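Subject: A structure to look at, with notes

Dear colleague,

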Amino acid sequence: MQPGDPADIRNWQRRPDGITTSGRLEAGDPARLAAIGVRHVVNLALDSHPEALAEESALLAAEGIAYTHIPVPFDAPTPAHVAALAEALAAHPGPVHVHCIMNWRVTAFFYLLDCAAGVPEDEARARMAKVWNPLEDERAPEAWRALLGGGNA
């Protein structure tokens, strides 16, 4: 955490690389993200989720924040979704915020990206487990355990 981080946003996290992540955003959050310098938001949630922020793209644009939407069905994440996140992060340098509804998709995807970047698996898993660990959560859809496969991205 850094001073000014909107830690009351659901499952707010600040990664060692400075990228911030969270669960769902609410109507006032785009302004709060802009205030801490966020310049790009990536959303992994489906627009059809009842907790999704309506008009998120427009609300972010009004704050001067670029927006990328990568809708990831919770019961069907794929390596292509992870690759799309990696591409979005590479295409928009600068302060980035990545979110979904609970920050579960996000932390699981960063687990894979961290492992691929050479972060030791136990460290990558500990980062993910601060929010959710589908490798150990028996309620997690099997698709998540299959995707994560022990961290060999």
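**The sheet**

Strands β3 and β5 pair in the parallel sense over four bridges, where two strands are said to pair if DSSP finds at least two bridges between them, and where strands (E, at least two residues) and helices (H or I, at least four residues) are DSSP runs numbered from the N terminus. Before going further, please note that this is a predicted model, in which local features need pLDDT of at least 70 and side-chain atom pairs count only at pLDDT 80 or more, while totals for chains, interfaces and linings use all residues. Residues are numbered from 1 along each chain as its sequence is written, and side-chain values use heavy atoms, with hydrogens and water left out.

Within the pairing of these two strands, Asn43 stands opposite His99 in β5. Strand β3, which covers residues 40–43, also pairs with β4 in the parallel sense, again over four bridges, and there the bridge partner of Val41 is Tyr67 in β4. Strand β2 (residues 20–22) runs parallel to β5 and is joined to it by three bridges, with His97 in β5 as the bridge partner of Thr20.

Taken as a whole, five strands form an open sheet in the order β1-β2-β5-β3-β4, and the pairing is mixed. Because β1 (13–14) and β4 (66–69) stand at the edges and have a single partner strand each, one side of each is left without a neighbour in the sheet.

**The nonpolar cores**

A nonpolar core is a set of buried Ala, Val, Leu, Ile, Met, Phe, Trp, Tyr and Cys residues joined through side-chain atoms within 4.5 Å. The largest one has 31 residues, and those with the most contacts inside it are Val42, Leu44, Leu85, Leu89, Val98, Phe109 and Phe110. The elements that give two or more residues to this core are α3 (79–91), β5, α4 (104–116), α5 and α6, and the largest share, eight residues, comes from α4. If residues up to four places away in sequence are not counted, Phe110 touches Arg15, Ile19, Thr21, Leu85, Leu89 and Val98, a contact being heavy atoms within 4.5 Å. A second, separate core has ten residues, among them Ile9, Trp12, Ala34 and Leu60.

**Charged and polar side chains**

How many salt bridges does the count come to? The count is 14, where a salt bridge is a side-chain nitrogen of Lys or Arg within 4 Å of a carboxyl oxygen of Asp or Glu. In one of them the side chains of Arg10 and Glu51 meet at 2.8 Å, N to O. Since Arg10 lies in the segment before β1 and Glu51 in the loop between β3 and α2 (56–62), the pair ties together parts that are 41 residues apart in sequence. Arg10 is partly exposed at 26% relative accessible area, and Glu51 is partly exposed at 29%.

Asp17 forms a salt bridge with Arg15, with the closest N and O atoms 3.0 Å apart; here Asp17 is partly exposed at 47%, whereas Arg15 counts as buried at 12%. These two residues also belong to a network of salt bridges that links Arg15, Asp17, Asp114, Glu123 and Arg127.

Finally, please find Arg32 in helix α1 (residues 29–35), where it counts as partly exposed at 29% relative accessibility. Leaving aside neighbours within four places in sequence, Arg32 is in contact with Pro6, Asp8 and Ile9. The side chains of Arg32 and Asp8 are joined by a polar contact of 2.3 Å, a term that stands for a pair of N or O atoms within 3.5 Å in which, within protein, one must be able to donate a hydrogen and the other to accept it, and for which residues adjacent in sequence count only if both atoms are side-chain atoms.

With best wishes

Technical notes: Buried < 20%, exposed > 50% of the residue type's maximum accessible area, 1.4 Å probe, protein only.
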